[in-house]
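This report covers a helix pair, a nonpolar core and the salt bridges of one structure. The sequence and the model are shown first.

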Amino acid sequence: MESKKLSSVNLLSDIHTEMIQLPKSFRESVCQECGWSEATFYRKTKTKKAFSNAEKDKILAVGDNLLKTLLAHSNKYRPR
């Protein structure tokens, strides 16, 4: 993995931009994986009803994947 030169990129701005995109990416990925509309996603965030095992697995997998992607992005700034 090649590290980015800090002089050419604003580290704070770049990481911040990646982080503020997480909620949208999470919502879109969960909706796609579970076959939900955006309205269904928000309705399900407010309910206390249990999710199916398949839904739980997909939600957790999406979250894990997005966090791994963010970590990989920030690791580009670390010297190796």
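## Leu 70

Leu 70 counts as buried, at 15% relative accessibility; buried means under 20% relative accessible area, exposed over 50% and partly exposed in between, with a 1.4 Å probe and protein chains only. Leu 70 lies in helix H4, where helices (H or I, at least four residues) are DSSP runs numbered from the N terminus. Leaving out residues up to four places away in sequence, Leu 70 touches Glu 18, Met 19 and Leu 22; contact means heavy atoms within 4.5 Å. Leu 70 and Leu 22 are 48 residues apart in sequence, and their C-alpha atoms are 8.7 Å apart in space.

This is a predicted model, in which local features need pLDDT of at least 70 and side-chain atom pairs count only at pLDDT 80 or more, while totals for chains, interfaces and linings use all residues. Residues are numbered from 1 along each chain as its sequence is written, and side-chain values use heavy atoms, with hydrogens and water left out.

## Nonpolar core

The largest nonpolar core has nine residues: Leu 22, Val 30, Cys 31, Cys 34, Trp 36, Phe 41, Val 62, Leu 66 and Leu 70. Such a core is a set of buried Ala, Val, Leu, Ile, Met, Phe, Trp, Tyr and Cys residues joined through side-chain atoms within 4.5 Å. H2 and H4 each supply at least two residues of this core, and the largest share, four residues, comes from H2.

Val 30 is one of the core residues. Apart from neighbours within four places in sequence, Val 30 is in contact with Gly 35, Trp 36, Phe 41, Ile 59 and Val 62.

## Packing of H2 and H4

Two packed helices are described by the angle between their axes and the distance between the axes. The axes of H2 and H4 come within 10 Å and cross at roughly 145°; axes are lines fitted to C-alpha atoms, for helices over the stretch in contact, and angles run from 0 to 180 degrees between N-to-C directions.

On the H2 side, the contact is made by Leu 22, Ser 25, Phe 26, Ser 29, Val 30, Glu 33 and Cys 34. These meet Glu 55, Lys 58, Ile 59, Val 62, Gly 63, Leu 66 and Leu 70 in H4. The residues of this contact divide into eight nonpolar, three polar and three charged. Here Ala, Val, Leu, Ile, Met, Phe, Trp, Tyr, Cys and Pro count as nonpolar, Asp, Glu, Lys and Arg as charged, and the others, Gly among them, as polar.

## Salt bridges

Side chains of opposite charge can pair when their charged atoms come close. A search of the whole structure finds three salt bridges, each defined as a side-chain nitrogen of Lys or Arg within 4 Å of a carboxyl oxygen of Asp or Glu. Glu 28 pairs with Lys 24, the closest N and O atoms being 3.9 Å apart. Both lie in helix H2 (residues 22-34), four residues apart, about one turn of the helix. Glu 28 is partly exposed at 42% relative accessibility, and Lys 24 is partly exposed at 46%.

Glu 38 forms a salt bridge with Arg 27, with the closest N and O atoms 3.9 Å apart. Glu 38 lies in helix H3 (residues 38-45) and Arg 27 in helix H2, so this pair ties together parts that are 11 residues apart in sequence. Glu 38 is partly exposed, at 46%, whereas Arg 27 is buried, at 15%. In the bridge of Glu 55 with Lys 44, the closest N and O atoms are 3.8 Å apart. Glu 55 lies in helix H4 (residues 53-75) and Lys 44 in helix H3, so the pair ties together parts that are 11 residues apart in sequence. Glu 55 is buried, with a relative accessible area of 17%.
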